[in-house]
Amino acid sequence: MSRVSLTQHVHHTLLPHFRPGCIAIDATAGNGFDTLFLALHIGEHGSVFAFDIQQQAIENTRKRLSEAGLIDRVALICNGHESMAEHIPQLLHGFVDIIVFNLGYLPKADKSVITQESTTLQALKISLKLLSKEGYISILAYPGHPGGREETESVKTWARSLSKTSFNVFIHEPVNSGCTSPEWIEITSMAT
Ligand SMILES: C[S@@+](CC[C@H](N)C(=O)[O-])C[C@H]1O[C@@H](n2cnc3c(N)ncnc32)[C@H](O)[C@@H]1O
């Protein structure tokens, strides 16, 4: 039996959150797998804004989306996700349906270029302002690399502090696979 990866699990969980004309943000484009998944499901009138600080990641994502014939649905932004409010048109603030973070480093590239606790938290706080009512944020965090545990714990502490009347928060932690396994945080904005 093939094993379902945590990324596949996240993608499956995103499915009910898509609607026609969906606005999505990939906060960490990397090799473009998440951007591609978002672009596939937003429909022809939707848009994805994908951020990465590495030009290589942006080019990898551009290639993947071009090959899939979906590049027209995606804006690729070579800049930190902490600047996302400046790049998302003002009229979309408060109307973003889905935001995904896949933290850490670009696989098969320089492992010293990683997401950082302080800018990740900045970006998450901004994400709440961009999010629509019933909008959804997924964060995959990797405690296994240097700085990863601190970043993961900070994200979880922040998520736990969110108002329970405004947000539903789920934290998925491994209980039998070691302390370096990825962790997954889901945040849904409540309608009222
Ligand atoms: C685990 S990878 C993302 C994987 C990607 N979502 C995919 O589907 O292939 C993490 C990415 O975050 C990027 N990154 C690091 N700091 C960033 C920041 N401040 N803003 C945006 N991206 C950042 C890295 O360059 C790296 O490409």
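A crossing of two helices is called right-handed if the near helix is turned clockwise from the far one by less than a right angle, and left-handed if anticlockwise. With that in mind, welcome to a few close-ups of this predicted model.

**View 1. Helices H5 and H6 pass each other in a right-handed crossing.**
Helix H5 covers residues 117–130, and its axis comes within 9 Å of the axis of H6. The two axes cross at roughly 25°. Angles under 35 degrees count as roughly parallel, and H5 and H6 are therefore roughly parallel to each other. On the H5 side, look for Glu117, Thr120, Leu121 and Leu124. They meet Glu150, Glu151, Ser154, Val155 and Trp158 in H6. By class, this contact of H5 with H6 holds four nonpolar, two polar and three charged residues.

**View 2. Seven strands form an open sheet.**
Follow the strands across in the order E3-E2-E1-E4-E5-E7-E6, and you will find that their pairing is mixed. At the edges sit strand E3 (74–78) and strand E6 (167–172), each pairing on one side only. Neighbouring strands of the sheet are turned by 10° against each other on average, with direction ignored. Helix H6, made of residues 148–160, packs on this sheet. There H6 touches strand E5 (131–141), E6 and strand E7 (183–189), and its direction makes about 25° with that of E7.

**View 3. Strands E2 and E3 run parallel.**
Strands of a sheet pair through backbone hydrogen bonds, either parallel or antiparallel. Here, five bridges join E2 to E3. A handy landmark is Phe51, which stands opposite Ile77 in E3.

**View 4. Helix H2 packs with helix H3.**
Helix H3 spans residues 55–67 and meets H2 at an angle of about 35°, with the axes 9 Å apart. H2 passes H3 in a right-handed crossing. From H2, the contact is made by Thr35, Leu36 and Ala39; from H3, by Thr61, Arg64 and Leu65. The residues of this contact divide into three nonpolar, two polar and one charged.

**View 5. A shell of 22 residues lies around the ligand.**
Which of these residues come nearest to the ligand? They are Thr28, Gly30, Phe33, Gly80 and Leu106. Two elements, helix H2 (33–41) and strand E2 (47–52), each give two or more residues to the shell. By class, the shell residues divide into eight nonpolar, eleven polar and three charged.

Conventions
Residues are numbered from 1 along each chain as its sequence is written. This is a predicted model: local features need pLDDT of at least 70, side-chain atom pairs count only at pLDDT 80 or more; totals for chains, interfaces and linings use all residues. A residue is near a molecule or strand if its C-beta atom, placed from the backbone, lies within 6 Å of it. Helices (H or I, at least four residues) and strands (E, at least two) are DSSP runs, numbered from the N terminus. Ala, Val, Leu, Ile, Met, Phe, Trp, Tyr, Cys and Pro count as nonpolar, Asp, Glu, Lys and Arg as charged, and the others, Gly among them, as polar. Two strands pair if DSSP finds at least two bridges between them. Axes are lines fitted to C-alpha atoms, for helices over the stretch in contact, and angles run from 0 to 180 degrees between N-to-C directions. Two residues are in contact if their C-beta atoms, placed from the backbone, lie within 7 Å. Angles under 35 degrees count as roughly parallel, over 145 as roughly antiparallel, 65 to 115 as roughly perpendicular and the rest as oblique.
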